[in-house]
Each structure stands twice: as C-alpha cells, then as structure tokens.
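Hi,

Here is the structure I said I would pass on.

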Amino acid sequence: MKQLTFKNGDKLDAIGLGTWKSEKGEVTKAVKIALNNGYKHIDCAAVYGNEAEVGQAFSEVFSEGKVKREDVWVTSKLWNNAHKKEDVIPALKQTLKDLQLDYLDLYLMHWPVAFKPEVEGFPESADDYFSLDEVPLSETWGAMLEAKKKGLVKHIGVSNFSIPKLKELMADTDHAPEMNQVELHPYLQQDELLEFCSKNEIHVTGYSPLGSGDRPDGMKADDEPSLLENPTINKIAKKHGASPGQILIKWSEQRGTAVIPKSTNENRIKENLQSAGYQLDEEDLKEIADLDRHFRYVTGKFFEMDGNSYKNIYDD
Ligand code: NDP
C-alpha cells in the first residue's frame, strides 16, 4: 500500500478506517477487526460521538501486545464549538481521554466554521455562530500549534478547506497545514485543490470515497447518484475481479491521497484494505476522470442560516 510521507519522515498508510456513523454498539468491534487485520490508520472526530468506544478498542488491542500504539496513526478533529484559543486544548484533552491515548498523530480543524462554545452538535439559529472576524482561523490554528509544541499531537491540519480558506490561513502563519481532509471521489475529483495542496506540500485525505451511505437529511443532496452502482465503476470492477468499493478506494490511493472508507462490517472492512492489491491502468483512469461532475454528498448547506456568514462554505 502507498504511504504518505511527512516532512519529519513520519509515514501514513494511505488506506484507513473511517468511523463517522459507526454506531456505539458496533464501532469497538469494527476498530478491533481493522487493527487485527492490518489497518494502521484510524480516522476519528469528537463530533462522531463515539470516541470513547473507539478508545475501548485501542485499549484492548494495544494491551494484547500484537499491535503497538506507535505503529498506528490516529487522526481526530476539533469540533466547531471549540475554536476559541482557550477551548482548543481542553477539547483535544477530552478527545485524548476518550480515545485512551496520550497523543494523536494528526489533529484537524474539522471545518472553517466557528460555533459558540455552548452549542452541542449543530446550531439551531444564526446566533449560535461566531463570524470568522470574531474568531479567525488563525486564532484556532495558533492554539493547535501550541498543542503540537506540547507534544499532544504530532501533526496538525485542516478539513473542508477550499483554496481561498487555505490561502487565508497560510497568510497568517509560518506553519502551513500538513493535511487537508476533504470529500473526494470520482464525482468530485477536485483536481485544482489537489494541485494547490501538492504545490504547497499539504497532504490530502479523501472522505466519503464510497458515496457516504446514509446521512442525516440535512446533509443529503437532491437527485443523489450512486457511486457504488455507477456502470463505469462496475465495468472496471468486473475487469479486475474486484468489487466496486475496491475500485473507488484504489482510485484514491493511486492518485496519491489517503482514503478512509467507513465500515462496521467485518468482510467489507477486510475487503476495503485489500483494495491496495489492484492496479488501475491508463484506460481505467481515463474513464474514471470522465465521471467528474462536481457533486458533493456532504453538501455543507447545513451551515447556511439567514444572518450567519457561512454561505457557500466550499467557495465553489
Ligand atoms: P463512505 O463513503 O466511506 O461510505 C460508507 C458506507 O459505505 C457505509 O454505509 C458502509 O456500510 C458502506 N460500505 C463500506 N465499505 C463498502 C464496500 N466495500 N462496498 C459497499 N459498501 C460499503 O462514507 P463516509 O461519509 O462515512 O466517509 C468515510 C469517512 O470519512 C467517515 O467515516 C469519516 O471518518 C470521514 N469523513 C470526514 C468528514 C469531514 O468533514 N472531515 C465528512 C465525512 C466523512 P457498512 O458500514 O455497513 O459496511
């Protein structure tokens, strides 16, 4: 499997396990299956509401001794209600406590959006938001940098950042984000963003590589096409004797990004990691390139409210 190399030499396995919507009763088992079957990269977030159950898996697997903490890359994300500088490290410490870890490999600013601290989950009114003038990205970033200096996290990055948002942040810091985690799949290929990130030595992780399964209504786009049922993806899968999911995961890995398919099903967890064993040829890549339609499964519209400043969060 490909690995992404960071400036200090640290390496990240390109294929990891996602944990959004992994139910509390299932996620401990899923993470244990993943770690015991070769995954070395787990993607978490405070807002997924299941970090304590993921932490239970880490504790059990690491204490068994077959897999060591230092061989696994753990990513988590700062939720939008903890963007003020005094709130960042307490939020990170809660995540570390829940995950039963004493450091993270990567901590991401989940969205370029700041909520008031008392908001749990998602806001109900425009008053629940700070504007980015009140709590600028650089304020949150400064506290994340502090966390890195303290050794609580090894690397820091962002998520859901467009090129203008990356430029805004980079203009205010001499420590550029090391990662940008964004939605990425054949219907949303984001060539321009990938090129910008590559030029600026920012790694990219693609989320929702399989089309994100079921999501809360507010996150659903109208007229949603299925990636897993796409005829081109299915034709290429048949040609390689792979599943459609494996072709989608391989496509991301082959493009040089990390990719974090979510599953709580034992067979699919294993199948997804085995995607690394296939190789897409020039013809496959050309056919997949033609599928781009700038389509987002995670629409971002849930941040837009009359009176707040978060219209068109993706700047597209
Ligand atoms: P995915 O695109 O990974 O799709 C997950 C869905 O696909 C689930 O319903 C899963 O069901 C199913 N599935 C998994 N493997 C296969 C397979 N081989 N064949 C067919 N179906 C399969 O969706 P996510 O939106 O969850 O994205 C992945 C991860 O990215 C998240 O879990 C999260 O960690 C991260 N993410 C980050 C975001 C951010 O804002 N930074 C936003 C969204 C996601 P089952 O479990 O039953 O296998």
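**Charged pairs**

Let me start with Glu-266, which is partly exposed, its relative accessible area being 36%. Before going further, please keep in mind that this is a predicted model. Glu-266 has a salt-bridge partner in Lys-270, and their closest N and O atoms are 2.9 Å apart. Lys-270 is partly exposed too, with a relative accessible area of 28%. Both residues sit in helix α9, and because they are 4 residues apart there, about one helical turn separates them.

Elsewhere, salt bridges with shared partners tie Lys-239, Asp-281 and Asp-284 together in one network. Within it, the side chains of Asp-281 and Lys-239 form a salt bridge at 3.0 Å, N to O. That pair connects distant parts of the chain: Asp-281 is in the loop between α9 (266-273) and α10 (282-289), while Lys-239 belongs to helix α7 (residues 231-240), 42 residues apart. As for accessibility, Asp-281 is partly exposed at 31%, and Lys-239 is partly exposed at 46%.

Another salt bridge to look up is the one between the side chains of Glu-178 and Lys-148, at 3.1 Å, N to O. Here again distant parts of the chain are linked: Glu-178 comes from the loop between α5 (163-171) and β10 (179-183), and Lys-148 from helix α4 (residues 137-149), 30 residues apart. Glu-178 has 13% relative accessibility, so this residue counts as buried. Lys-148, at 26%, counts as partly exposed. The total for the model is 17 salt bridges.

Now go to Asp-128, in the loop between β7 (114-115) and β8 (129-130).

As general background, nonpolar side chains in soluble globular proteins tend to be buried together. In this model, the largest nonpolar core holds 93 residues, and those with the most contacts inside it are Val-31, Ile-42, Phe-58, Leu-104, Trp-111 and Phe-303. A second core is separate, has 9 residues and includes Phe-6, Leu-106, Leu-108 and Ala-258. Phe-58 is a handy one to click on: leaving out residues up to four places away in sequence, Phe-58 touches Val-31, Leu-35, Ile-42, Val-74, Leu-99 and Leu-101.

**An annotated position**

Which residue does UniProt mark with the feature "binding site"? According to that record, an unreviewed entry, the feature is at His-110. You will find His-110 in the loop between β6 (104-109) and β7. Is His-110 buried or exposed? With a relative accessible area of 7%, His-110 is buried. Apart from neighbours within four places in sequence, the residues in contact with His-110 are Ala-45, Val-47, Tyr-48, Lys-77, Leu-78, Trp-79, Asn-80, Ser-159 and Asn-160.

Cheers

Conventions:
Residues numbered from 1 in each chain as written. Predicted model: local features only at pLDDT ≥ 70, side-chain atom pairs only at ≥ 80, totals over all residues. Heavy atoms only, no water. Helix = DSSP H or I, 4+ residues; strand = E, 2+ residues; numbered from the N terminus. Salt bridge = Lys/Arg side-chain N within 4 Å of Asp/Glu carboxyl O. Buried < 20%, exposed > 50% of the residue type's maximum accessible area, 1.4 Å probe, protein only. Core = buried A, V, L, I, M, F, W, Y, C linked by side-chain atoms within 4.5 Å. Contact = heavy atoms within 4.5 Å. UniProt positions renumbered as here; feature names shortened; annotations may be inferred.
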